[in-house]
Amino acid sequence: MFFNDVTFRMMQTGLDALSLEQKMILQNLANVSTPGYQAKTVSFAEVLQGAGAKQNGGLTIRATVNEEHDPMRPDENTVDADRESLKLYNNYVQQVAMYNQISDSFSNMRYVFNQFTR
């Protein structure tokens, strides 16, 4: 019932997308001292492919990984640790908001179930 709901699937897909972005940011930060490393970014052409579109039981994520080619340092590394840290914090805030939304949905469902069991 609830797990097949379009809204829940959208929230789940959003968390998957944020997780993918977080992994890319952490990979960049891990390679901040690697000479010649090209920072990678994830861009989502369409995070959700239609609100009701199903593929393999869920919504699909379309992501493109891009490399930054403008070296900021003499060692040809393109990672800007400050920018990556800000992106990581922004990602964290979005994930917390999404988790809170899911938690609120479960709380509402629990309230409804408790009303019927009285």
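1. Let's start with a term: a salt bridge is a side-chain nitrogen of Lys or Arg within 4 Å of a carboxyl oxygen of Asp or Glu. Arg 73 and Asp 75 form one, with their closest N and O atoms 3.0 Å apart. Arg 73 counts as partly exposed because its relative accessibility is 26%, and Asp 75 is partly exposed too, at 28%. For these labels, buried means under 20% relative accessible area, exposed means over 50%, and partly exposed is in between (1.4 Å probe, protein chains only).

2. A word on what you're looking at: this is a predicted model, where local features need pLDDT of at least 70 and side-chain atom pairs count only at pLDDT 80 or more, while totals for chains, interfaces and linings use all residues. Residues are numbered from 1 along each chain as its sequence is written, and side-chain values use heavy atoms, with hydrogens and water left out.

3. Now the overall layout. The protein has two helices and two strands, and from the N terminus on they run α-β-β-α. Both kinds of element are DSSP runs numbered from the N terminus: helices are H or I, at least four residues, and strands are E, at least two. Of the 118 residues, 25% are buried. The protein exposes about 7,800 Å², and carbon and sulfur atoms supply 54% of that. Accessible areas here come from the Shrake-Rupley method with a 1.4 Å probe, and for residues only the protein chains shown count as cover.

4. How do the parts of the chain touch? Take contacts (heavy atoms within 4.5 Å) between residues at least 6 apart in sequence: 66% of them join residues at least 24 apart.

5. The structure holds three salt bridges. One of them pairs the side chains of Glu 67 and Lys 40, at 3.6 Å from N to O. This pair links distant parts of the chain, with Glu 67 in strand β2 (residues 62-67) and Lys 40 in strand β1 (residues 40-46), 27 residues apart.

6. Another salt bridge joins Lys 87 to Glu 84, with the closest N and O atoms 3.4 Å apart. Both residues sit in helix α2, three residues apart, which is about one turn of the helix. Glu 84 is buried, since its relative accessible area is 0%, while Lys 87, at 25%, is partly exposed.

7. Stay with α2 for a moment. It has 36 residues, so at 1.5 Å a residue it should span 52 Å, and its end C-alpha atoms are 53 Å apart, which agrees. (The expected span is 1.5 Å times one less than the number of residues.) At the start of α2, a side-chain oxygen of Asp 80 comes to within 3.2 Å of the backbone nitrogen of Asp 82.

8. What is tucked away in α2, and what covers it? The buried residues in this helix include Asn 91, Gln 95, Ile 102, Ser 105 and Met 109. Their cover includes α1 (6-30).

9. Along with Tyr 92, Val 93 and Val 96, Tyr 89 makes a nonpolar surface patch of about 400 Å². Patches are made of residues with over 30% relative accessible area and no salt bridge; like charges are joined within 9 Å, and nonpolar side chains (Val, Leu, Ile, Met, Phe, Trp, Tyr) within 5 Å.

Technical notes. Polar contact = N/O pair within 3.5 Å; in protein donor to acceptor, adjacent residues only side chain to side chain.
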